[in-house]
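Please read the points below with the model open beside them.

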Protein chains: 2
Amino acid sequence: MRSFIPVEPSNHFPIQNLPYGIFRLRDNSGKPRVGTAIGEYVLDLSVLEEEGYFQDIIDQEEKVFAAPFLNPFMAKGPDVWQSVRRRLQMLLSENEPKLRDNVQLRERALIPQADVKMELPIKIGDYTDFYASKEHAANVGTMFRGKENALMPNWTHLPVGYHGRASSVVTSGTHFNRPCGQIKPADTTKPIFTSCRQLDFELEMGFFIGMGNQMGEPVPVEKAEEQIFGMVLVNDWSARDIQAWEYQPLGPFLAKNFATSISPWVVPMEALEPFRVKGPEQDPEPLPYLKHTKPDSFDIHLEVFLKTPNMEKPDCIAASNYKYLYWSAAQQIAHHTITGCNLNTGDLIATGTISGPEKRSRGSLLELAWRGTEPIKLSNGEERSWLEDGDELTLTGWCQGAGYRIGFGEVTGTILPAKLIERRSKATI
Amino acid sequence: MRSFIPVEPSNHFPIQNLPYGIFRLRDNSGKPRVGTAIGEYVLDLSVLEEEGYFQDIIDQEEKVFAAPFLNPFMAKGPDVWQSVRRRLQMLLSENEPKLRDNVQLRERALIPQADVKMELPIKIGDYTDFYASKEHAANVGTMFRGKENALMPNWTHLPVGYHGRASSVVTSGTHFNRPCGQIKPADTTKPIFTSCRQLDFELEMGFFIGMGNQMGEPVPVEKAEEQIFGMVLVNDWSARDIQAWEYQPLGPFLAKNFATSISPWVVPMEALEPFRVKGPEQDPEPLPYLKHTKPDSFDIHLEVFLKTPNMEKPDCIAASNYKYLYWSAAQQIAHHTITGCNLNTGDLIATGTISGPEKRSRGSLLELAWRGTEPIKLSNGEERSWLEDGDELTLTGWCQGAGYRIGFGEVTGTILPAKLIERRSKATI
């Protein structure tokens with residue numbers, strides 16, 4: 001399958017991908033609307049919708065592609081997603097003249113990615129974050145409780161997860177100030193108010209719920225993947241010192257709610273299908289409601305880049321893979337709903353930090369620099385135990401096909417200096 | 001201040017209250033819309049809006065009172081809330097003929113509460129649950145860690161809280177099936193899948209965010225109350241056996257996400273103003289960002305009623321008071337936003353279980369029956385350690401004025417039998 005639009009083998013957006021996103025023109029003319037990425041271009045689906053190219057699939061009057069979020073399209077369900085995807089692949093294929101040879105339509109509908117800015121693609125309902133990487137849980141457990149008690153007794157029996165903060169999920173490129181808050185240094189008797197001293201990233205992926213389930217109606221594990229509209233990269237920024245002080249006994253709260261960044265293009269599950277693999281062996285065997293017979297992981301290569309203010313080009317500081325995750329997305333959904341919890345269109349479920357077996361495959365600075373005891377060395381001679389002001393952190397990921405990539409683009413963010421301390425001190429807080 | 005509509009002294013909804021809710025007619029004719037409760041009636045604000053009674057306050061074309069949720073009205077902010085409240089008190093007062101003497105308008109706008117059913121009043125964005133009662137935290141800590149370590153070291157320094165599940169917040173009268181899930185009994189080596197054996201309620205109150213704050217802009221504690229649109233009763237149903245097994249290290253998840261019930265009438269903060277009191281002395285002194293100079297608690301009497309299938313009338317099994325809470329709503333908001341977390345219109349923040357100093361003022365069965373070791377005795381001779389199928393649990397609360405009450409109505413729910421086990425066993429899960 002090839003598109004009439006040329007796509008380099010290393011480009012993330014060939015015709016086999018076709019992720020959905022919300023874009024607006026960089027000059028701010030026009031409203032935010034739905035597009036798909038193809039090579040270096042965005043295809044404006046609201047234009048195709050207006051021209052009637054989907055009228056046999058979705059009622060044109062609903063204008064789901066003129067919406068500022070993907071939710072109305074997501075709520076249509078898997079059959080509609082598939083039909084739209086087929087239509088797009090047909091319209092973009094090298095042998096189909098409808099779009100290829102219609103100069104006027106091409107000019108209206110195909111916009112260089114350089115001319116658009118991407119917005120948050122989905123109006124997020126609830127956001128749940130799991131803790132599904134055994135290597136990550138074991139690394140953190142070893143650091144905090146010692147090697148003998150690295151994993152909690154429940155960890156191998158259920159996908160541990162918790163509710164995150166949906167309001168502060170932002171799209172790639174949203175910079176934020178270093179958070180301030182309450183920490184308790186080891187050498188003080190009382191907690192202090194300060195800017196975060198142990199700011200970290202977390203390499204995660206997330207999936208969005210398409211249609212959802214009714215309250216009281218758990219989603220069986222074998223049906224769980226049907227709930228997934230698509231996937232993104234997630235950076236769950238973490239303030240480790242705030243977390244260490246606050247998290248007992250109800251879990252992380254402020255340490256995570258100041259910002260969570262996601263990549264703007266939502267990759268459909270169908271595009272990932274050729275890269276389906278079996279996840280790690282699960283021992284002990286999970287309870288029946290978590291037992292999945294078909295391979296339910298994906299071979300998605302993940303990389304982390306750090307660029308300090310003194311660097312010209314970023315360093316790759318870690319490389320991991322989605323396939324290392326112990327608990328699959330299907331298992332996460334089955335577990336999440338087993339008590340009857342309802343999932344809604346637009347809910348975000350993230351995997352937790354994806355660490356692998358190698359030292360270089362650790363998905364957070366906490367692990368890479370082993371709680372500050374082994375600072376990572378950068379190519380320009382600098383070292384990092386935690387993120388510093390001005391640091392730009394980027395996650396990227398892709399599936400490697402034969403001569404093409406199914407890519408997730410990237411999610412990036414820069415740490416701006418804390419601003420609260422200064423302002424507050426003037427107000428004599 | 002008196003209304004031309006007679007209101008008994010024990011009624012929750014005198015002219016001094018005027019809570020907002022979403023109602024529809026019991027016969028399902030008409031759409032859900034905004035009303036205020038007055039005595040035994042609902043005043044239909046969408047009718048008054050249509051007739052132009054608010055046109056100098058809110059653009060009539062916006063039809064905020066014809067909306068199926070309070071959110072559009074809430075987003076208008078405190079000045080509009082106050083103006084609408086003044087207008088309603090004027091229209092309902094005994095000396096004002098506009099509504100009193102307009103038979104046609106009264107017939108359209110005043111509907112007996114018996115003829116309506118109440119819906120979820122607010123489209124909830126994020127839901128946060130705090131743990132703000134010292135007595136509750138100490139009771140739970142004593143049961144699980146012993147008296148010496150009852151409170152975690154952080155507890156007296158910050159309001160501990162966590163993110164809850166917004167999708168499963170339901171309104172009073174929504175019954176639900178006993179949840180099923182994974183628990184680890186003390187006498188088994190492995191966890192098992194079962195229906196919950198330790199189902200509990202939690203007596204809480206919650207407040208709704210009106211306008212919200214920008215990400216990165218913390219709400220100062222002295223300004224925090226301006227963020228609150230109003231308050232409700234909250235029953236945060238809890239599956240204690242599921243919680244005990246799952247909650248380490250990221251906090252409660254499935255144990256709480258199957259249902260959280262709220263009372264349907266949102267009581268404005270202005271109605272509570274005469275009942276403002278000082279909360280408990282805080283020692284140690286909180287950090288400056290949490291220090292509030294004005295009294296920031298309220299004298300709200302709270303009661304818990306249990307009616308088993310064998311009872312004609314419910315028993316009052318606990319009585320507590322909002323004023324016992326150690327951490328105030330203002331402190332909760334200041335803490336929640338201190339790292340820069342943004343609150344949005346419609347976010348729900350609950351207090352956590354409100355227990356008081358007496359045995360009878362404990363706000364959960366976990367505490368009342370001391371983890372099953374001291375079952376509570378009911379008036380008909382039955383006992384309860386946990387909720388059983390068919391049990392109806394009701395929370396109510398009010399402020400006692402001179403000859404009137406500012407009430408919250410009630411929030412009730414009945415436990416239906418677990419249904420998953422049967423269905424699943426057929427499917428040989």
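The notes below go from the source of the model to the pair of chains, the annotated spans, the sheets, the helices and the cores.

1. Source. This is a predicted model, in which local features need pLDDT of at least 70 and side-chain atom pairs count only at pLDDT 80 or more, while totals for chains, interfaces and linings use all residues. Residues are numbered from 1 along each chain as its sequence is written, chains are lettered from A and ligands numbered from 1 in the order in which they are written, and side-chain values use heavy atoms, with hydrogens and water left out.

2. The two copies. Chain B is superposed on chain A by a rotation of 180° with 0.0 Å of shift along the axis, at an RMSD of 0.0 Å. The two copies are therefore related as by a two-fold rotation axis. The superposition is by least squares on the C-alpha atoms of residues with pLDDT of at least 70 in both copies. Within chain B, Gly251(B) comes closest to the rotation axis, its C-alpha lying at 2.2 Å. Of the interface residues of chain B, 100% are also interface residues in chain A, so the copies meet through the same surface.

3. Annotated spans. UniProt, in an unreviewed entry, places "domain: Fumarylacetoacetase N-terminal" at residues 16–121 of chain A. That span is 34% helix and 22% strand, with its end C-alpha atoms 20 Å apart. For "domain: Fumarylacetoacetase-like C-terminal", also from an unreviewed entry, UniProt lists residues 127–414 of chain A. Residues 127–414 of chain A are 12% helix and 31% strand, and the end C-alpha atoms lie 23 Å apart. UniProt positions follow the numbering used here, feature names are shortened, and annotations may be inferred rather than shown by experiment. Helices (H or I, at least four residues) and strands (E, at least two) are DSSP runs, numbered from the N terminus.

4. The five-stranded sheet of chain A. Its order is β9-β26-β25-β20-β21, the sheet is open and the pairing is mixed. β9 (176–177) and β21 (315–321) of chain A stand at the edges with a single partner strand each, so one side of each has no neighbour in the sheet. Two strands pair if DSSP finds at least two bridges between them. In chain A, β20 (residues 301–307) and β25 (residues 392–400) run antiparallel and are joined by seven bridges. Glu303(A) stands opposite Thr396(A) in β25(A).

5. The five-stranded sheet of chain B. Here too the record of strands reads β9-β26-β25-β20-β21 in an open sheet with mixed pairing. The edge strands of this sheet are β9 (176–177) and β21 (315–321) of chain B, each pairing on one side only. Seven bridges hold the antiparallel strands β20 (residues 301–307) and β25 (residues 392–400) of chain B, and Leu302(B) has Gly397(B) as its bridge partner in β25(B).

6. Strand β1. In chain B, five of the six residues of β1 (residues 20–25) are buried, so the strand is largely enclosed by the rest of the structure. Buried means under 20% relative accessible area, exposed over 50%, and partly exposed in between, with a 1.4 Å probe and protein chains only. β1(B) runs antiparallel to β2 (residues 33–38) of chain B, with four bridges; Gly21(B) stands opposite Gly35(B). Four bridges also join β1(B) to β5 (residues 116–119) of chain B, again antiparallel, and Ile22(B) has Glu119(B) as its bridge partner there. In chain A, Tyr20(A) is found in β1 (residues 20–25) and is buried, with a relative accessible area of 3%. The C-alpha atoms of Tyr20(A) and Ile183(A) are separated by 40 Å.

7. Helices. α3 (residues 78–92) of chain B has 15 residues and reaches 21 Å between its first and last C-alpha, close to the 21 Å expected at 1.5 Å a residue. The expected span is 1.5 Å times one less than the number of residues. Buried residues of α3(B) include Val80(B), Trp81(B), Arg85(B) and Leu88(B). The buried residues of α6(A), among them His136(A), Asn139(A) and Met143(A), pack against α10 (365–368) of chain A.

8. Nonpolar cores. A nonpolar core is a set of buried Ala, Val, Leu, Ile, Met, Phe, Trp, Tyr and Cys residues joined through side-chain atoms within 4.5 Å. The largest has 156 residues, and those with the most contacts inside it are Phe201(A), Leu272(A), Phe201(B) and Leu272(B). Apart from it lies another core of 44 residues, including Ile38(B), Trp81(B), Leu99(B) and Val234(B). Leaving aside neighbours within four places in sequence, Leu272(A) is in contact with residues including Met231(A), Phe298(A), Cys399(A) and Phe408(A). Contact means heavy atoms within 4.5 Å.
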